[in-house]
Amino acid sequence: LLGDLKPVVSVKELMENEIDPFADNIFDAVGTDVSAKGLVERAPKTDVDWAKVRTGAVVLAEAANLLKIPRPFAPPGVLNNRSGPNAPELSPDAIRAKVEADKTLWNSHVEDLRAVAIEVLDIVKRKDTAALFAAGGKLDEACESCHLEYWYPGDRKFHEDREKKFLEEQQRQPGTK
């Protein structure tokens, strides 16, 4: 099925150059900013705003396919932040070993990313701001659960605290459940 597909970049580079920037189209679409004028609500209002969110969702849904193509986890010579006794990031070899030991878990994380992206595509059709905010939380959960499994499992406490703060903010947002 994969034929002659040959990866050009590592997973790390795919994340840095495609997945993360386009996930920001979703993450940054809805929220509250604090400014000198007080709280400023952010939400897509125009067709152009919604198109940007849709672009992010399309790229993420298709990027899931790219994550299933075997490729290096980091560029040659990049060992991630592995210094010290409790280094937060696993080495590319350690990540590869974890993936190869349980490909079903890797594919499950990839499918979680795809599922949220597909959900966002539907949300864009309905132009449902509250649902988009909730989907941003699901996207954050999908990304972080994979990263905490494969990239920086030694850094769980920081990310658990971050997720808790995000959920608290989500509960304070008007129009969300």
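A salt bridge is counted here where a side-chain nitrogen of Lys or Arg lies within 4 Å of a carboxyl oxygen of Asp or Glu. In this predicted model, the side chains of Asp-122 and Arg-126 meet that condition, with a nitrogen-to-oxygen distance of 2.6 Å. Both residues belong to helix H4, where they are 4 residues apart, or about one turn of the helix. Asp-122 is partly exposed, at a relative accessible area of 36%, and Arg-126 is likewise classed as partly exposed, with a value of 45%.

## Overall architecture

The chain has 177 residues, of which 35% are buried. Its secondary structure amounts to 6 helices and 2 strands, and these elements follow one another along the sequence in the pattern α-β-β-α-α-α-α-α. When contacts between residues at least 6 apart in sequence are considered, 68% of them join residues that are at least 24 apart.

## Packing of H1 against H2

Helix H1, which covers residues 11–27, has an axis that comes within 7 Å of the axis of H2, and the two cross at roughly 150°. Because angles over 145 degrees count as roughly antiparallel, H1 and H2 are placed in that class. The crossing of H1 past H2 is left-handed.

On the H1 side, the contact is made by Val-11, Leu-14, Met-15, Glu-18, Ile-19, Phe-22, Ala-23, Asn-25 and Ile-26, while H2 contributes Lys-52, Val-53, Thr-55, Gly-56, Ala-57, Val-59, Leu-60, Ala-63, Leu-66 and Leu-67. Sorted by class, the residues of this contact comprise 14 nonpolar, 3 polar and 2 charged.

## Packing of H2 against H4

Helix H2 spans residues 47–68 and helix H4 spans residues 103–126; their axes come within 8 Å of each other and cross at roughly 160°. H2 and H4 are therefore roughly antiparallel to each other, and H2 passes H4 in a left-handed crossing.

The residues that H2 brings to this contact are Trp-50, Val-53, Arg-54, Ala-57, Val-58, Leu-60, Ala-61, Ala-64, Asn-65, Leu-67 and Lys-68. Facing them from H4 are Trp-106, Asn-107, Val-110, Glu-111, Leu-113, Arg-114, Ala-117, Val-120, Leu-121, Ile-123 and Val-124. By class, the contact of H2 with H4 contains 16 nonpolar, 2 polar and 4 charged residues. Val-53, Ala-57, Leu-60 and Leu-67 of H2 are named in the contact with H4 and also in the contact with H1.

## Other salt bridges

The structure holds 9 salt bridges, and side chains of opposite charge can pair when their charged atoms come close. One of these salt bridges is formed by the side chains of Glu-149 and Lys-98, at 3.2 Å from nitrogen to oxygen. This pair links distant parts of the chain, since Glu-149 lies in helix H5 (residues 129–150) and Lys-98 in helix H3 (residues 92–101), 51 residues apart. Lys-98 counts as partly exposed, with a relative accessibility of 30%.

A further salt bridge brings together the side chains of Arg-42 and Asp-33, with a nitrogen-to-oxygen distance of 2.8 Å. Arg-42 has a relative accessible area of 27% and is partly exposed, and Asp-33, with a value of 33%, is partly exposed as well.

Lys-127 is located in the loop between H4 and H5. Its phi angle is near 50°, a positive value in a residue other than glycine, and at 41% relative accessibility Lys-127 counts as partly exposed.

Thr-46 occupies the loop between strand E2 (38–42) and H2, and with a relative accessible area of 39% Thr-46 is partly exposed. Although Thr-46 and Lys-127 are 81 residues apart along the chain, their C-alpha atoms are separated by 9.8 Å.

Methods
Residues numbered from 1 in each chain as written. Predicted model: local features only at pLDDT ≥ 70, side-chain atom pairs only at ≥ 80, totals over all residues. Heavy atoms only, no water. Axes fitted to C-alpha atoms, helices over the stretch in contact; angles between N-to-C directions. Parallel < 35°, antiparallel > 145°, perpendicular 65-115°, else oblique. Left-handed = near helix turned anticlockwise from the far one by under 90°. Contact = heavy atoms within 4.5 Å. Nonpolar A, V, L, I, M, F, W, Y, C, P; charged D, E, K, R; others polar. Buried < 20%, exposed > 50% of the residue type's maximum accessible area, 1.4 Å probe, protein only.
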